[in-house]
Amino acid sequence: MDVLALAHMQKNEEKTDMAEFIVNRGSKVVNEVLRTAWEMEEAKAAQERAAKSRLEILQEARGEPCTCKQASRWHASATELLEHNGISCKSFALAVKELLCKGCAFTNPATTSFAWIGAEEAEVIFLNDFRWSPQVIRWHDLLLLLEGQLVHLPAPKSHFAKDMVFDRDTPIFATSKYPVVFVKNGMVDERETEMMTVRWRTFTLNWQIPEAKQ
């Protein structure tokens, strides 16, 4: 709509080139031209970002002003939470660093197999309150995903010509109330569950920050 408005303004100023282009070429061509123009505009920034490691991006962000209303509020709260749960700040930081450096963790609120749409372009995947279900992702595919192996994930055919191919080592972070286990015939499959367990570095948080301090 902004392009049409601009074309209309220019036409009123007797500059008809843009209006004629839109009328003669149609919306499909115009949209393609705009998409290509934006790609050219963002190409340099995308190339520079791609050349940086995840850790370098994090280190750059560390030098930016804190987004908290009170400076260092997040750091103090995180430190308090880890200490009260008996977790070394150093070991937690090293675990995060290792994950960012090595990869295998985007947020999508969908609860079906299409929940992974967009994950292939994410720099980090965050699974909030994750509870495994075959409707979200098949068990075997989740194991492959955590290994950084190639995985084919379903995409709605109304919007995509083929399924999504995920073959990156994107770091995956997750929170969950319970460990991820595989249940078969009403019983926990110890072998499959162990295969899942070894793919995660787990920190158990039981202590909560008092509501008055939140």
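At what angle do the axes of helix α3 (residues 54-62) and helix α5 (residues 89-102) cross? The legends below describe close-up views of a predicted model.

**View 1. Helix α3 crosses helix α5 in the predicted model.** Two packed helices are described by the angle between their axes and the distance between the axes. Here the axes of α3 and α5 come within 8 Å and cross at roughly 130°, which makes α3 oblique to α5. On the side of α3, the contact is made by Arg54, Leu55 and Leu58, while α5 contributes Lys97, Leu99, Leu100, Cys101 and Lys102. Sorted by class, this contact of α3 with α5 has five nonpolar and three charged residues, and no polar ones.

**View 2. Phe92 and Phe203 form an edge-to-face aromatic pair.** A search of the whole structure finds four aromatic pairs. A pair of aromatic rings is described by the distance of the centres and the angle of the planes. The ring centres of Phe92 and Phe203 lie 5.0 Å apart with the planes at 65°, so the pair counts as edge-to-face, the cut-off for that class being over 60 degrees. Phe92 is partly exposed, with a relative accessible area of 32%, and Phe203 is also partly exposed, with a value of 24%.

**View 3. Trp132 and Phe182 form a tilted aromatic pair.** Their rings are 5.9 Å apart from centre to centre, and the angle between the planes is 45°. The pair links distant parts of the chain, because Trp132 sits in the loop between β1 and α6, whereas Phe182 sits in the loop between β4 (172-174) and β5, 50 residues apart. Trp132 is partly exposed, at a relative accessible area of 21%, but Phe182, at 17%, counts as buried, since buried means under 20%. Together with Trp139, the residues Trp132 and Phe182 form one aromatic cluster.

**View 4. Asp129 has a positive phi value although it is not a glycine.** The phi of Asp129 is near 50°, and the residue is found in the loop between β1 (125-127) and α6 (139-147). With a relative accessibility of 36%, Asp129 counts as partly exposed.

**View 5. Asn185, another residue other than glycine, has a positive phi value.** Its phi is near 55°, and Asn185 lies in the loop between β5 (183-184) and β6 (187-188). Asn185 is exposed, with a relative accessible area of 75%.

Technical notes. Residues are numbered from 1 along each chain as its sequence is written. This is a predicted model: local features need pLDDT of at least 70, side-chain atom pairs count only at pLDDT 80 or more; totals for chains, interfaces and linings use all residues. Side-chain values use heavy atoms; hydrogens and water are left out. Axes are lines fitted to C-alpha atoms, for helices over the stretch in contact, and angles run from 0 to 180 degrees between N-to-C directions. Helices (H or I, at least four residues) and strands (E, at least two) are DSSP runs, numbered from the N terminus. Angles under 35 degrees count as roughly parallel, over 145 as roughly antiparallel, 65 to 115 as roughly perpendicular and the rest as oblique. Contact means heavy atoms within 4.5 Å. Ala, Val, Leu, Ile, Met, Phe, Trp, Tyr, Cys and Pro count as nonpolar, Asp, Glu, Lys and Arg as charged, and the others, Gly among them, as polar. Buried means under 20% relative accessible area, exposed over 50%, partly exposed in between (1.4 Å probe, protein chains only). Rings of Phe, Tyr and Trp (its six-membered ring) pair if their centres lie within 6.5 Å; planes under 30 degrees apart count as stacked, over 60 as edge-to-face and the rest as tilted.
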